[in-house]
Amino acid sequence: MPLLEVKELSAYYITHVYGVERDVKAVDNITFSLEENEIMGLAGESGCGKSTLLKVLLSMIKPPLRVLAGEVNYSYDNKHFNLLTLDKKQLREVQWEDISYIPQGSMSTLNPVRKIRKTFEDVIKAHKTAEEKEEYEKLMEEHIKYLGLPLEVLDSYPHQLSGGMRQRTTIALATILKPKIIFADEPTTALDVIVQRGVIQMLKKLHKEQENTMLIVTHDMAVHANVADRIAVMYAGKLVEIAKKETLFTNPKHPYSQFLIRSLPKIGDKRQRISAPGNPPSLANPPSGCRFHPRCPYAKDICREHIPKFINYDKSHQVACFLYSDEIEEGEKIVSESIRS
Amino acid sequence: MSQNLLEVKNLVKVFNIGGRIFGSKLKAVNNISFNIKGDNPEILAFAGETGSGKTTVARMILGLETPTSGEVIYKGNNITHIKKRNELMEYMKEVQPIFQNPFETFNPLKKVDSYLYETARNYNLANTKNEISKIIENSLKSVGLTLAEIEGRYPNELSGGQLQRVSVARALITKPALLIADEPVSMVDASLRMSIVNLFNELKVKYNVNVLYITHDLATAYYISDRIAIMLRGDVVEFGDVDKVMLLPLHPYTQMLIESVPQPDPEGTWKEEIKLSSLEVKEFSRLGCKFCERCPYSMKVCKEVEPPIVFKEGREVKCHLYAKEGVTTKVKI
């Protein structure tokens with residue numbers, strides 16, 4: 001049984017301001033699963049719903065974001081539950097302890113007026129009750145040392161650390177309780193290449209030694225090539241392709257993934273790179289049918305009218321494109337009818 | 001002898017941090033010299049990490065920052081001493097900037113096309129509205145847009161890629177000889193990034209525009225540029241032909257940097273571990289080589305004496321390793 005199973009998940013930002021109704025279809029009918037002890041990379045450009053998907057998987061749902069349909073099933077250590085049906089107390093037991101999160105932009109995640117030590121204490125106190133102070137101090141220092149950070153980090157304020165150090169501290173904070181699954185949102189964006197390499201190294205080490213599962217979200221395909229086992233490509237709120245890393249880089253099936261892979265510049269190779277024509281669509285008013293069809297060189301009539309189903313191309317390769325199958329996705333109608341009921 | 005288009009001589013910029021008594025000094029740009037010939041248009045890349053001083057170099061060339069010492073000479077005129085308004089206009093007409101974040105360069109309350117009209121009017125390029133529209137239409141055409149597409153639109157109605165194209169079109173209105181592009185693609189969506197990068201190449205070939213391309217993304221720098229300068233904490237550590245510098249780097253820092261660029265290739269993952277420095281700020285005030293703390297070949301002399309610039313294998317390297325004779329083998333990390 002997979003560790004995480006997402007079934008037909010739809011989450012929209014639904015707003016109603018001054019009589020103007022607006023639905024932003026950020027996550028639309030997404031189905032995938034995550035096996036134990038694997039690293040999955042989630043790729044896609046800005047504004048395609050990657051971060052929203054993470055929010056739903058962590059059950060950090062606040063209006064105007066609403067989950068309209070679908071299940072998020074976790075199963076590990078004889079626990080099986082749908083995260084979206086848990087109440088506040090139950091959520092608190094699993095969040096951070098089993099399901100952890102490395103937020104985007106380490107600049108703004110740490111409290112600027114508290115020392116790092118205090119932030120660590122807060123985390124431990126909230127989850128481990130009735131423990132001696134010395135005990136968690138020890139746990140904290142061991143974890144910091146284990147990740148190769150200097151102990152002085154604990155007694156500094158966030159502004160005293162460089163961007164790379166801050167990012168590594170955030171990772172330390174997210175992994176101190178040895179979670180089962182970690183969601184990392186753009187962990188290396190805005191870091192320098194050498195620091196980026198250090199952070200990736202650290203994530204890999206954690207994965208190897210704590211044997212956890214990771215979902216890493218980033219738009220940088222080169223990072224995926226270095227860490228992920230499988231890669232999922234998202235476009236305008238929908239998953240368009242999931243494949244093993246090697247398969248996706250050598251033999252991408254969806255036209256969008258093909259453009260994405262072929263446009264990557266490489267040192268030592270000066271051949272002309274071409275990016276996809278057109279512009280990414282707005283999620284508030286996505287194109288009908290397949291959302292990539294206005295930019296797709298292979299678009300057919302069926303693409304304009306119907307949404308392609310996310311099918312199994314082969315055992316470990318899934319794709320949503322009419323080039324490979326004529327199956328039409330259902331469920332779109334059901335969701336759009338139930339929005340404002 | 002033909003005149004250089006742009007000549008930068010011993011450029012230094014020192015920022016004062018803090019007050020007059022307790023403050024400290026930060027040398028953001030340390031003695032940089034380079035030329036752009038101009039007779040054969042080229043793309044010159046400045047690459048480096050955050051805080052290496054690459055943006056400060058660009059700002060000094062644009063005249064937005066006054067150099068502490070050194071000269072920026074454009075077509076024989078020292079631009080740091082330009083006082084007269086019409087001379088300054090003449091210079092600004094020929095050297096145009098493109099900034100990093102297209103969502104910040106445009107005022108969200110102003111229509112996008114108003115920037116184009118303003119630029120045309122400010123430089124007195126034409127007198128009637130029809131003529132101005134024609135100029136704008138032409139420059140938009142060269143970036144692959146039409147006036148109809150952007151007329152009357154606000155920045156939030158356009159995508160990042162389109163806005164960055166408008167930025168480039170605005171810079172092209174005055175028919176500049178040199179574009180200074182500061183991280184022009186870092187905020188553009190992945191699927192559109194290469195179209196902007198290709199645009200610079202097209203401008204170079206079709207319109208004879210020189211581009212100073214400032215970036216931290218070494219992969220696009222390799223893809224597009226003819227020459228490259230690698231910066232580290234205010235120093236240019238290696239400068240030369242892009243194929244030579246990036247495929248056979250000599251300076252230990254360049255070697256480490258290029259080795260660390262993640263390759264979009266599942267085969268080419270990193271094998272060995274690297275050490276990260278925790279003392280990033282302290283490297284600025286170092287007397288000798290700024291890299292000596294992290295360098296695997298660090299010698300005693302590196303800590304004390306600033307390394308000389310050595311010409312070697314068709315490029316400039318700022319490293320003690322090559323200063324002595326006899327060291328000719330390529331070092332490996």
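This is a predicted model: local features need pLDDT of at least 70, side-chain atom pairs count only at pLDDT 80 or more; totals for chains, interfaces and linings use all residues.
Visitor: Which domains does the assignment give for chain B?
Guide: Domain 1 (39-63 + 84-247) and domain 2 (253-261 + 275-333). The bounds come from an automatic or database domain assignment.
Visitor: How far apart are their C-alpha centres?
Guide: In chain B, the centres of domain 1 and domain 2 lie 32 Å apart. Their contact takes 16 residues from domain 1 of chain B and 15 residues from domain 2 of chain B. Contact means C-beta atoms, placed from the backbone, within 7 Å.
Visitor: Which element gives the most to the domain 1 side?
Guide: β10(B), with seven residues. Strands (E, at least two residues) and helices (H or I, at least four) are DSSP runs, numbered from the N terminus.
Visitor: New topic. How many helices and strands in chain B?
Guide: Twelve helices and twelve strands.
Visitor: What about the radius of gyration of chain B?
Guide: Chain B has 21 Å; a compact globule of 333 residues would have a value near 20 Å, so the two agree. The radius is taken over C-alpha atoms, and the globule rule is 2.2 Å times the number of residues to the power 0.38.
Visitor: And the span along the principal axes?
Guide: The C-alpha trace of chain B spans about 65 × 50 × 50 Å.

How values were computed:
Residues are numbered from 1 along each chain as its sequence is written. Chains are lettered from A and ligands numbered from 1 in the order in which they are written. Two residues are in contact if their C-beta atoms, placed from the backbone, lie within 7 Å.
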